[in-house]
Amino acid sequence: MPELIPKRFKMPDIPKYDGTSDPHEHITTYTTTVKGNDLAQHEIKSVLLKKFGKTLTKGALTWYSVIPEHSIDTFKMLADSFIKPHVGSRKVQARKADVFRITKGEFELLWEFVIRFQKERMLLLIVLDEWAAEAFTKGLNLEKL
């Protein structure tokens with residue numbers, strides 16, 4: 001049986017999941033944020049399971065509200081049952097054009113562009129290395145340097 005939520009626990013501020021984006025991404029964001037909340041391991045398990053519903057809205061909250069009471073004992077069970085109906089909402093595979101839209105700003109420093117490029121590339125589901133290398137080079141705006 002999961003333990004009570006520690007009184008010192010504050011619900012992390014993460015975007016609410018509405019059922020229209022990648023459910024794996026939401027699970028990752030939620031678990032990472034909870035684990036970074038200075039809780040003991042046994043407290044983390046309890047919080048993950050008991051507070052997940054607070055991260056949902058719209059259709060996803062409706063899905064959560066119809067789960068039979070006491071039918072899920074672990075967060076892994078909850079996450080698995082959450083992903084199944086929402087997997088169709090995963091991001092569509094990146095088109096080559098998507099990665100080529102990432103360009104260096106006129107006043108952006110090179111190291112800033114490198115970091116932003118990597119972050120934006122990670123948001124795209126699949127980007128071939130050849131595309132990324134070509135897009136990065138073109139995105140540097142070499143004619144402006």
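Student: Why are H1 and H4 called roughly antiparallel?
Tutor: The axes of H1 and H4 cross at roughly 150°. Angles over 145 degrees count as roughly antiparallel, under 35 as roughly parallel, 65 to 115 as roughly perpendicular and the rest as oblique. H1 and H4 are therefore roughly antiparallel. Axes are lines fitted to C-alpha atoms over the stretch in contact, with angles from 0 to 180 degrees between N-to-C directions. The two axes come within 9 Å.

Tutor: This is a predicted model: local features need pLDDT of at least 70, side-chain atom pairs count only at pLDDT 80 or more, and totals for chains, interfaces and linings use all residues. Residues are numbered from 1 along each chain as its sequence is written, and side-chain values use heavy atoms, leaving out hydrogens and water.

Student: Which residues make the contact of H1 with H4?
Tutor: Contact means heavy atoms within 4.5 Å. H1 supplies Pro23, His24, His26, Ile27, Tyr30 and Thr31. H4 supplies Phe75, Ala79, Phe82, Ile83 and His86.

Student: What makes Glu106 exposed rather than buried?
Tutor: Its relative accessible area is 58%. Exposed means over 50%, buried under 20% and partly exposed in between, with a 1.4 Å probe and protein chains only. Glu106 is therefore exposed. Glu106 sits in the loop between helix H5 (96–100) and helix H6 (110–123).

Student: Which residues have the most contacts inside the largest nonpolar core?
Tutor: Phe52, Phe75 and Phe82, in a core of 21 residues. Such a core joins buried Ala, Val, Leu, Ile, Met, Phe, Trp, Tyr and Cys through side-chain atoms within 4.5 Å. H4 gives the most, five residues.

Notes
Helices (H or I, at least four residues) and strands (E, at least two) are DSSP runs, numbered from the N terminus.
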